[in-house]
Amino acid sequence: MTFDLIAQDPNSKARAGVVHTAHGAIQTPIFMPVGTAGTVKAVQQRDLKDDVQAQIILGNTYHLYLRPGLDVLRAAGGLHKFNGWDRPILTDSGGYQVYSLSNTRKIKEDGVKFRSHIDGSTHLFSPEGVMDIQRTIGADIMMAFDECTPWPCDYDYAKRSMQMTHRWLTRCINRFDSTEGHYGYEQTLFPIVQGSTYKDLRVESAEFIANQQRPGNAIGGLSVGEPAEQMYEMTELVCDILPQDKPRYLMGVGTPANILESIALGVDMLDCVMPTRNARNGMLFTTQGVLNVTNKKFELDFEPIDAELGGYVSTFYSRAYVRHLFQSKEMLGPQIASIHNLTFYLWLVKQAREQILAGTFREWKDKMVKQVSTRL
């Protein structure tokens with residue numbers, strides 16, 4: 001994997017670049033739809049390509065390991081062959097699931113012992129094991145195994161957790177560098193910066209991660225409940241330390257406004273379940289603001305979901321019709337909403353890239369943050 005830095009905005013830290021992988025190039029800044037269990041929920045691959053115009057999607061190591069399981073993925077020739085997605089795939093390490101399964105896991109130096117949410121069976125994720133699992137999944141970009149600390153989190157715990165994440169990273173790197181992928185193409189490992197919302201820990205972690213000299217780096221442990229101002233402060237602090245010539249991936253962020261502000265701080269890659277999760281509840285993100293299509297005010301609104309956005313579902317279906325689908329509990333409603341929201345998110349980062357290349361990002365961003373946050 002290589003990264004070309006193409007342009008930097010003169011009035012912010014926003015950057016435009018290109019990430020080159022074995023399954024194609026990714027123009028940054030980029031939003032990556034989350035495909036937890038080998039699928040972006042309710043969205044076909046054709047729609048991801050043609051309407052959403054996704055350049056890379058995510059897979060989830062924890063979920064894929066449990067189901068369909070490594071034997072199935074190996075027999076299929078990896079996740080790309082299994083789900084038919086021929087563009088880049090990034091897999092997380094399972095670290096966030098470790099965080100979210102706090103009642104069914106035990107963290108020790110060797111790794112994390114947890115019980116499956118499917119059948120209660122016991123499993124162990126170690127740094128070495130997680131590298132092997134992601135090799136088998138076949139992701140273009142693999143994430144190091146880390147612990148995502150909760151917020152709020154006391155300083156001593158955050159420090160101990162960060163230090164363990166660093167020790168785990170060393171083990172991940174050793175395993176990664178001593179193994180090869182199963183399917184004949186190159187894979188890349190990204191370390192993850194931790195340290196909760198403590199400046200000194202974030203600096204220490206960012207410096208440690210930068211010194212590993214991997215092709216790209218990630219920022220974890222944010223967007224877990226802390227105020228947005230703290231998230232931005234930590235993001236800027238870390239981006240200023242991580243290498244300029246390598247992509248920076250901010251994990252699990254967020255709202256359209258969060259995305260624009262994070263890009264302004266120097267982030268290149270982002271992901272979040274928000275566009276699809278909120279879509280399934282009727283929340284639609286549009287070029288003019290946010291609306292809940294289940295509200296009665298849209299019962300007779302026969303305008304397209306978002307005429308300015310483009311794309312099939314956003315311009316073909318009316319708000320009234322989509323509301324009817326939700327009211328009737330028809331599966332098509334969440335499907336349309338999911339495709340629309342992802343189309344909007346990918347449109348937003350594409351617009352951001354164009355503004356960075358034109359040198360006008362900062363002024364545009366300040367206007368767009370207000371516009372996309374407006375309640376319709």
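This is a predicted model: local features need pLDDT of at least 70, side-chain atom pairs count only at pLDDT 80 or more; totals for chains, interfaces and linings use all residues.
The largest pocket holds about 840 Å³ of space. Its lining consists of 37 residues, and those closest to the pocket centre are Val34, Tyr96, Gln97, Asp271 and Val273. Strand E5 (57–60), helix H5 (95–100) and helix H11 (274–279) each contribute at least two residues to this lining. H11 gives the most, with four residues.

The second largest pocket holds about 320 Å³. Val52, Gln53, Leu346, Trp347 and Lys350 are the closest to its centre, out of 18 lining residues. Two or more lining residues come from each of helix H1 (45–52) and helix H14 (332–358). H14 has the largest share of this lining, at seven residues.

The table gives the linings by residue class.

| Pocket | Nonpolar | Polar | Charged |
|---|---|---|---|
| Largest pocket | 13 nonpolar residues | 18 polar residues | six charged residues |
| Second largest pocket | seven nonpolar residues | six polar residues | five charged residues |

**Helix pair H10 and H15**

A packed pair of helices is described by the angle and the distance between the two axes. For helix H10 (residues 256–264) and helix H15 (residues 361–373), the angle is about 165° and the axes are 9 Å apart. Angles over 145 degrees count as roughly antiparallel, and H10 and H15 are therefore roughly antiparallel to each other. Their crossing is left-handed. On the H10 side, the contact is made by Pro256, Ala257, Leu260, Glu261, Ile263 and Ala264. On the H15 side, Phe361, Trp364, Lys365, Met368, Val369, Val372 and Ser373 take part. Sorted by class, the contact comprises ten nonpolar residues, one polar residue and two charged residues.

**Backbone features**

Most peptide bonds are trans, and most residues other than glycine have a negative phi. Two cis peptide bonds and one positive phi are described here.

The bond from Thr28 to Pro29 is cis, and its omega is near 5°. Pro29 sits in the loop between strand E3 (24–28) and strand E4 (30–32).

The bond from Val253 to Gly254 is also cis, with omega near -5°. Here the loop runs between strand E14 (248–250) and H10, and Gly254 lies within that loop.

Ser196 is not a glycine, yet its phi is positive, at about 55°. The loop that holds Ser196 lies between strand E12 (192–193) and helix H8 (199–211).

Terms used
Residues are numbered from 1 along each chain as its sequence is written. Side-chain values use heavy atoms; hydrogens and water are left out. Axes are lines fitted to C-alpha atoms, for helices over the stretch in contact, and angles run from 0 to 180 degrees between N-to-C directions. Angles under 35 degrees count as roughly parallel, over 145 as roughly antiparallel, 65 to 115 as roughly perpendicular and the rest as oblique. A crossing is left-handed if the near helix is turned anticlockwise from the far one by less than a right angle, and right-handed if clockwise. Contact means heavy atoms within 4.5 Å. Ala, Val, Leu, Ile, Met, Phe, Trp, Tyr, Cys and Pro count as nonpolar, Asp, Glu, Lys and Arg as charged, and the others, Gly among them, as polar. On a 1 Å grid over the protein atoms alone, a cavity is a set of points where a 1.4 Å probe fits but cannot get out, and a pocket is an open set with protein on both sides within 12 Å along at least five of seven lines; lining residues have an atom within 4 Å of a point. Grid points are joined across faces, edges and corners, and a volume is the space filled by probe spheres set on the points.
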